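Here are a few exercises to work through with the viewer open. Try each task before you read its solution.

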Amino acid sequence: MAAAGGPLLLSADPSSRGKAGWMLRIYFTSEDIARTRLAPSYDPLWELVLSMHMLRGQRGDLLFADWRRSTVADLRRDDIRTGLRLLALLTPTYGYFPDFINPAAAMHGLEHGLEAIRSTPRGVLRRDLGRMRSASSIRSLALGGSGALTALTDTMRAYHDVAVAPYRQRVEAAVARDRGRRMQAMAADGVDGLLAGMQPRVGWSAGELRVHAHRDQEIHLDGRGLLLVPSYFLIHHPVTLFDDSLPPVLVYPIERMPETLPLPAPQRALGALIGSTRAAILEAATGVTTTDLARLVGVAAATASEHAAVLREAGLIESHRDGSRMVHQLTRLGKALLNGG
């Protein structure tokens with residue numbers, strides 16, 4: 001995605017996208033099951049990285065379209081643009097990004113996490129950055145020491161202030177709701193209930209947690225347990241760190257209800273009225289097919305078709321056949337409702 005005045009973020013590399021046959025496997029012992037726990041809140045640095053991914057656009061991210069437009073506009077300031085180019089290089093949407101930008105200390109707050117980044121040992125910095133594609137700014141960071149890391153964390157703080165901090169209440173509300181559901185599952189059925197409740201994004205059986213479409217990776221917990229971290233800006237499969245010697249963590253996507261969506265007030269109200277998915281489908285109905293609706297909103301084609309039928313019966317969209325495809329378009333009434341008229 002690019003912003004006016006020059007590229008703000010780099011495009012993802014399609015060759016490194018997760019493939020259907022790829023899988024993350026995490027192996028538990030009985031001791032690991034006893035030590036598996038749910039994070040008390042979200043991790044601000046994971047949200048920072050994952051919101052960078054969201055800026056580029058992803059399948060099923062339509063609910064974040066207005067957040068993206070607003071955030072990109074606010075990031076056009078000259079005082080942050082240069083640093084953002086390096087941050088974009090460090091946070092590709094697909095493939096590897098360095099573990100040192102997601103230290104465990106961030107669970108205690110943003111400033112704790114940024115201080116941990118500034119304290120990254122030179123050897124760890126070179127090792128992590130050495131795994132990335134070579135770029136002059138990345139090489140400079142690897143050699144730059146504390147001054148370069150301070151500049152990086154200053155950029156990260158400035159970006160967080162624009163992209164994440166204004167939505168903190170919504171993020172916290174969505175995470176608290178998810179955590180309540182997970183804790184109920186854990187209270188009823190233990191860790192088995194907690195992990196089984198994360199389906200369909202993950203599979204859990206016989207002491208093995210499987211995450212499909214994740215790059216191939218195996219993690220043996222070896223008695224360390226697993227920290228489950230809910231994420232607001234993650235919308236697909238759970239993610240983890242590359243180095244399995246680090247404290248094991250699995251960051252997973254949560255459900256966002258209408259009242260916690262990063263939308264302008266009229267669209268949040270519309271989501272509360274007709275449902276967030278139906279509101280998203282209404283917004284996407286701009287001469288697109290049912291398959292397109294499903295892809296844009298991130299739902300199954302059958303679900304998109306059902307919601308489109310309800311909106312059509314209400315006079316908010318009209319549909320017509322184009323060969324074997326069904327094409328959907330907003331009516332004047334639908335446009336007025338979507339625009340708060």
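The chain's secondary structure comes to 13 helices and ten strands. Keep in mind that this is a predicted model.

**Exercise 1.** Work out what share of the chain counts as buried, and what share of the contacts with a separation of 6 or more comes from residues 24 or more positions apart.

*Solution.* 
- Start with burial: of the 341 residues, 48% count as buried.
- Next, take the contacts in the chain with a separation of 6 or more: residues 24 or more positions apart account for 70% of them.
- Finish with the surface: the accessible area of the chain is about 15,600 Å², and 52% of that belongs to carbon and sulfur atoms.

**Exercise 2.** Find the order of the strands in the open sheet of four strands, and say which strands stand at the edges.

*Solution.* 
- Reading across, the order is β3-β4-β1-β5, and the pairing is mixed.
- The edge positions go to β3 and β5 (217–220); each has a single partner strand, so one side of each is left without a neighbour in the sheet.
- From one strand to the next, the twist averages 15°.
- Now for the mix. Strands β3 (residues 202–205) and β4 (residues 208–212) run antiparallel, joined by four bridges. Within that pair, W204 has L209 in β4 as its bridge partner.
- Strand β1 (residues 23–27) pairs with β5 in the parallel sense, also over four bridges. Here Y27 stands opposite H220 in β5.

**Exercise 3.** Two residues, A206 and D222, have a positive phi without being glycine. Locate each one and decide: buried or exposed?

*Solution.* 
- Some background first: most residues other than glycine have a negative phi.
- A206 has a phi near 50°. It lies in the loop between β3 and β4, two strands that form a hairpin with two residues between them.
- To call a residue exposed, the relative accessible area has to be over 50%. A206 has 86%, so A206 is exposed.
- D222 has a phi of about 55° and sits in the loop between β5 and β6 (227–231).
- With a relative accessible area of 61%, D222 is exposed too.

**Exercise 4.** Describe the surroundings of Y96: where is Y96 in the chain, and which residues does Y96 touch beyond four places away in sequence?

*Solution.* 
- Y96 is found in the loop between α4 (78–90) and α5 (110–118).
- The cut-off for buried is under 20% relative accessible area. Y96 comes in at 16%, so Y96 is buried.
- Leaving out residues up to four places away in sequence, Y96 touches D128, R131, M132 and F242.
- One of these gets a closer look: the Y96 side chain reaches the backbone oxygen of D128 at 3.3 Å.
- For a C-alpha view, take R133: Y96 and R133 are 37 residues apart along the chain, and their C-alpha atoms are separated by 9.6 Å.

**Exercise 5.** Do the burial check for T289 and list which residues T289 touches beyond four places away in sequence.

*Solution.* 
- T289 belongs to strand β8 (residues 286–289).
- The relative accessibility of T289 is 9%, so T289 counts as buried.
- Setting aside residues up to four places away in sequence, T289 touches R325, M326, V327 and H328.

Definitions and conventions. Residues are numbered from 1 along each chain as its sequence is written. This is a predicted model: local features need pLDDT of at least 70, side-chain atom pairs count only at pLDDT 80 or more; totals for chains, interfaces and linings use all residues. Side-chain values use heavy atoms; hydrogens and water are left out. Two strands pair if DSSP finds at least two bridges between them. Buried means under 20% relative accessible area, exposed over 50%, partly exposed in between (1.4 Å probe, protein chains only). Contact means heavy atoms within 4.5 Å. A polar contact is a pair of N or O atoms within 3.5 Å; within protein, one must be able to donate a hydrogen and the other to accept it, and residues adjacent in sequence count only if both atoms are side-chain atoms. Axes are lines fitted to C-alpha atoms, for helices over the stretch in contact, and angles run from 0 to 180 degrees between N-to-C directions. Accessible areas come from the Shrake-Rupley method with a 1.4 Å probe; for residues, only the protein chains shown count as cover.
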